[in-house]
Amino acid sequence: MYEGWWRGFAEGWLARYRDRPEAVDYHRGTHGEFLRRHEQWVEDAVQTGPDKVAAVRPFLLKRVADARSLRCAWDKLRRKGGQAPGPNGHRYEDLDESEVWSLLRALGKAIRDATYRPGPERECKIPKRSGQGYRTLRIRNIEDRVVEKSVVLIVQPLLDPYFAEFSFGYRPGRDRRHALAMAERLTVAEGRPVWVCQDLRDAYDHVSLARVRDVVGKRLPVPGLRALIRRIIDTPTKKGLRQGGPLSPLLLNMFLDHLLDRRWSKPKDAPPLMRVADDLLILCRSMEEAQSAHAKLQTLLQPTGMSLKHSPEKAIRDLSAGEPAHWLGFMIGHGGDRLAVRLADDCWDELHEHLALAHTEPDAPLRAVASINGWVDQMGPAYSITDRQHDCQRVIDIAHQHGFDEIPGLQDLLDRYQESYARWSKLRQAGQTIPTEDA
């Protein structure tokens with residue numbers, strides 16, 4: 001009897017212990033385990049309801065500043081983030097283990113004391129995909145990128161569950177393949193063959209920082225955290241998010257979710273608006289509905305200061321009439337109960353841009369290989385109706401044009417392409433978005 005009572009008491013005590021905010025912060029386990037405890041605690045709070053979410057917020061700034069979350073950010077950026085040094089010339093490999101921890105503890109203290117200020121930035125111009133003009137990346141010191149990434153790691157689990165259902169860009173477990181699978185399902189199952197395909201023109205450059213701060217204040221009502229984000233994003237022009245900054249994609253999603261995605265869904269019978277970062281798709285049942293939807297989109301965007309790239313004549317395509325749609329680097333046609341997907345020219349432009357950007361990084365050959373592999377991983381939807389050998393040979397030729405010779409061979413690329421198609425087929429069969437295996 002006593003044994004059963006004691007077991008029940010112990011289990012109840014442990015449950016209450018784990019539910020306490022302080023339990024996440026106790027120094028036990030690795031820095032990765034600390035981040036996972038935070039993610040689980042936030043997930044539980046979101047599922048429980050608004051009161052529990054409100055109890056999470058006071059701990060966010062402290063966890064951004066925690067050396068363990070900063071170390072998680074450091075490790076992720078060292079593996080997959082931009083390696084190019086900022087103005088101070090520091091690189092991830094310049095510091096040994098003890099120096100890394102010393103730096104991160106100093107950064108954390110500065111964040112907690114509200115004395116942290118980002119350093120200067122270095123501009124890097126790379127050719128645009130179109131071949132006309134350049135895109136300017138503003139590269140900060142690696143220390144500042146680590147702080148931005150730490151903000152993302154701590155706040156994204158709290159924000160992401162509230163983003164619109166049809167938002168796919170820069171979200172864990174979602175990418176262009178998931179968006180395309182959902183577009184196929186809605187097109188076929190709901191009879192929506194008329195597509196409105198639009199891009200936001202230079203979206204990052206036209207974001208109003210004042211509006212971003214307002215949105216941050218609504219979604220993250222934590223004064224210290226809001227002040228930190230304001231210092232991170234501030235620019236002399238007071239306009240535009242830095243392309244290449246780890247925090248910028250999350251802020252763009254917050255901005256567009258608040259000012260576009262949610263407003264679009266009112267009224268509830270509006271045709272679905274899908275968004276992958278700044279690439280938009282509206283799925284309609286008729287040309288008349290598509291023209292009305294395009295006009296509504298222009299009206300909603302006007303207060304944001306953003307504009308659309310294409311005219312209605314170019315943006316609206318009737319797949320059922322044999323008009324291919326251009327979206328996410330694919331040319332997409334109606335194939336009965338399936339979409340017929342091919343690689344578009346700008347998909348190849350994207351590969352050129354990634355390889356040009358690789359030259360700005362130390363260990364450029366390694367960055368080029370990662371860029372090629374990542375590009376092929378996204379191209380699975382086109383595998384079944386394309387000349388696969390020709391596509392993979394073209395990848396190799398483009399890499400050689402950019403001066404990269406130590407790249408995957410033809411058979412390696414073909415195998416990777418096939419694996420990407422297998423994942424795409426799985427998404428199609430599911431008929432819904434599901435997490436990627438490497439999310």
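Which residues is Gln378 in contact with, leaving aside its neighbours within four places in sequence? In this predicted model, the contacts of Gln378 are Asp175, Arg176, Arg177, Phe330 and Ser420. Gln378 itself is located in the loop that joins helix 16 (364-377) and helix 17 (388-401). With a cut-off of under 20% for burial, Gln378 counts as buried because its relative accessibility is 17%.

When neighbours within four places in sequence are set aside, Glu121 is in contact with Pro87, Arg138, Ile139, Arg140 and Arg242. Between Glu121 and Val194, which are 73 residues apart along the chain, the C-alpha separation is 44 Å.

Among the helical elements, helix 3 comprises 18 residues, spanning positions 31-48. The distance from the first C-alpha of helix 3 to its last is 26 Å, close to the 26 Å expected at 1.5 Å a residue. Buried positions in this helix are Gly32, Phe34, Leu35, Arg37, His38, Trp41, Val42 and Ala45. Helix 3 is followed by Gly49, which has a positive phi near 140°.

Helix 3 packs with helix 8 at an angle of about 20°, and the two axes are 9 Å apart. Since angles under 35 degrees count as roughly parallel, helix 3 and helix 8 are therefore roughly parallel to each other. Their crossing is right-handed. On the side of helix 3, the contact involves Leu35, His38, Glu39, Val42 and Val46, while helix 8 contributes Leu153, Ile154, Pro157 and Leu158.

The nonpolar interior was examined next. In soluble globular proteins, nonpolar side chains tend to be buried together. The largest nonpolar core contains 80 residues, of which Leu220, Leu225, Leu228, Ile229, Leu251 and Met306 touch the most other members. Helix 8 (residues 142-159) supplies the largest share of this core, namely ten residues. Apart from this core lies another, of 48 residues, which includes Met182, Ala183, Ala358 and Ile372. Within the largest core, Leu225 is one of the residues touching the most other members. Not counting residues up to four places away in sequence, Leu225 touches Leu60, Leu61, Val64, Val155 and Leu220.

Notes. Residues numbered from 1 in each chain as written. Predicted model: local features only at pLDDT ≥ 70, side-chain atom pairs only at ≥ 80, totals over all residues. Heavy atoms only, no water. Helix = DSSP H or I, 4+ residues; strand = E, 2+ residues; numbered from the N terminus. Expected span 1.5 Å × (residues − 1). Buried < 20%, exposed > 50% of the residue type's maximum accessible area, 1.4 Å probe, protein only. Core = buried A, V, L, I, M, F, W, Y, C linked by side-chain atoms within 4.5 Å. Contact = heavy atoms within 4.5 Å. Axes fitted to C-alpha atoms, helices over the stretch in contact; angles between N-to-C directions. Parallel < 35°, antiparallel > 145°, perpendicular 65-115°, else oblique. Left-handed = near helix turned anticlockwise from the far one by under 90°.
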